[in-house]
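Here is a short tour of one protein model, written for someone who likes to have the coordinates open while reading. Please keep the viewer at hand.

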Amino acid sequence: MKLEDVREQLWAKGFPFGPGRRKKAIRALVEAPDPAGMQLLADALRDGHPDEKRIIKALLGLEPEEEPDKVAALFEAWRADQPPALGGVLRSLGWPRRCAIDGRTAKGFLALADQDATDDVLSVLVDFARAIPPQDEALNNDIFAAWNRSGSPQLDQVITAQGRQPADPAFEALHALVAGDLARYQSLQDSDGMLLAQAFEMAPEPFRQRIAQAVQASGDMALLDAYRRAQQHSGMEGTQLIDNLKRVGDHDGLFEALRGQRLLDALPLCEYWAGTDGRPSDNRRRQAVDAGVAAYIALGGIEIEPGPDLPDGMVDIFVHWREQAPSDQQLRQNLDAEDPFDKARGLYLGHERGLVDQARLRQAGESDHWPGRLISRMLVPPEAGEAPAEDHVIWVNAVSSDASLLHAPIEVGPDEYTQFSERLEQARGEAASTASGLLEILCAFQGAFGAGRISVDEMDEAPDRAALVTEDAKNVDFD
């Protein structure tokens, strides 16, 4: 009987002949030497055949070691649609030992293992993975990758129970760290931490949490340092970076993460440090954290109320400027642009990159155009005793209040540090206020980042064009 004729008989309808014809077709497909009929039976299970139980019983009668081609064909048919009924059959039959698994076949099946894979699908893949020769390191790579994507405990068990070794040592490092097996990780001799960095970069978030737990439990400073470098290697920043460093109690890394940030970014860390005894290892930074925490506690905490959502189709101009990612040369050109918004972009982003000093920002505060005045009031603290002038743009006056301190940079040069220190000295003589508390925190962190620290040698020429010349500088420590 031809395959097309069997297909027609397999779906025969009507009584009394329909059931008998279907039964005969099922038996013919199972008993035929040609494995092509397995696809027809797999399709029938997928499409809700009226004799599903009969088909399953017939397929369970196959002998994997005597009819390997048929069983392998069933696996291939399952891969296209993963019908649950056929999955149960395959779990019972297992992959035939006489059928070698090549790289293409392994990749095709194991690619189905991802975070959305159902338990039924993973169960079939686990049986399939178990049949792959454990000594084949190239195929082991695919098993490790499938485990990493899916997070399947069953695939993890296959790897562990069969002692599988991947060709890529980064997978081995990942598996060891996720399992908390530090001895196995140390055996990889990852002296430069690159394997940890690669493992962290490929790991999904649940595995990153387990890596952090292993690093924290180790108490190994070299491993902690490698973990910190892994964050940098992955390009992670912002809140996610801070969260990862908190997980391992990396207080040195947390403090270093403030470099280039603003006071607003330091406040959540003050809250974190207020609830833990952990501190940076460097004495100067440890004292800065203690001072910042004391000031934060004295303030009673600070709640930052988010602004209202923008109307549809609009974007925050500061976000827009950053997304444009202009070069330093473009920002310098913006500073002399006629368009007030181009000039404001040059001032704002130029200040973030150290291209614009306080003097130029103060000069912008006298601009005829409000965008320049806005940037000036946001970024330049008023001189001691200076009251911001009234401005017809209400937002300019609003951001020149205490809230403007939240945008003050943590890492500054001697001139800026002196200005903030003078403001702090004046604020200390007044009644306690939010501004004085914010200044306490700001100056503590600025000082710890070396603001105003200058090294002196016998050369009488500047070593580079960014060098500073100071004369009777205030609040500058020479050491």
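Which helix gives the largest share of the positive patch? That share, 3 residues, comes from α2. Before going further, a word on the basis: this is a predicted model, in which local features need pLDDT of at least 70 and side-chain atom pairs count only at pLDDT 80 or more, while totals for chains, interfaces and linings use all residues. Residues are numbered from 1 along each chain as its sequence is written, and side-chain values use heavy atoms, with hydrogens and water left out.

**The positive patch**

The patch on the surface is formed by K23, K24, R27, R54 and K57. Patch members have over 30% relative accessible area and no salt bridge, and like charges are joined within 9 Å. Both α2 (17-31) and α4 (52-60) supply at least two residues each; helices here are DSSP runs of H or I with at least four residues, numbered from the N terminus. K57 lies in helix α4 and is exposed at 67% relative accessibility. For accessibility, buried means under 20% relative accessible area, exposed over 50%, and partly exposed in between, using a 1.4 Å probe and protein chains only.

**Buried spots**

L40 sits in helix α3 (residues 37-46) and is buried, at 7% relative accessible area. Beyond its neighbours within four places in sequence, L40 is in contact (heavy atoms within 4.5 Å) with L3, R7, L10 and L29.

Helix α7 (residues 103-110) has its own buried residues: T105, A106, G108, F109 and L110. Their cover includes α5 (68-81), α8 (119-131) and α9 (137-150).

**Salt bridges**

The structure holds 21 salt bridges, each a side-chain nitrogen of Lys or Arg within 4 Å of a carboxyl oxygen of Asp or Glu. Three of them are listed here.

| Pair | N to O distance |
|---|---|
| R46 and D81 | 3.0 Å |
| E256 and R259 | 2.5 Å |
| D328 and R353 | 2.9 Å |

R46 is in helix α3 and D81 in helix α5, so their bridge ties together parts 35 residues apart in sequence. R46 is partly exposed at 39%, and D81 is partly exposed at 38%. These two also belong to a network of salt bridges with D43 and D47.

E256 and R259 form a salt bridge too, with E256 partly exposed at 30% and R259 partly exposed at 34%.

Definitions and conventions:
Patch = residues over 30% accessible without salt bridge, like charges linked within 9 Å, V, L, I, M, F, W, Y side chains within 5 Å. Areas by Shrake-Rupley, 256 points an atom, 1.4 Å probe, with all protein chains shown as cover. Lys, Arg positive; Asp, Glu negative; His and termini not counted. Charge placed at Lys NZ, Arg CZ, Asp CG, Glu CD.
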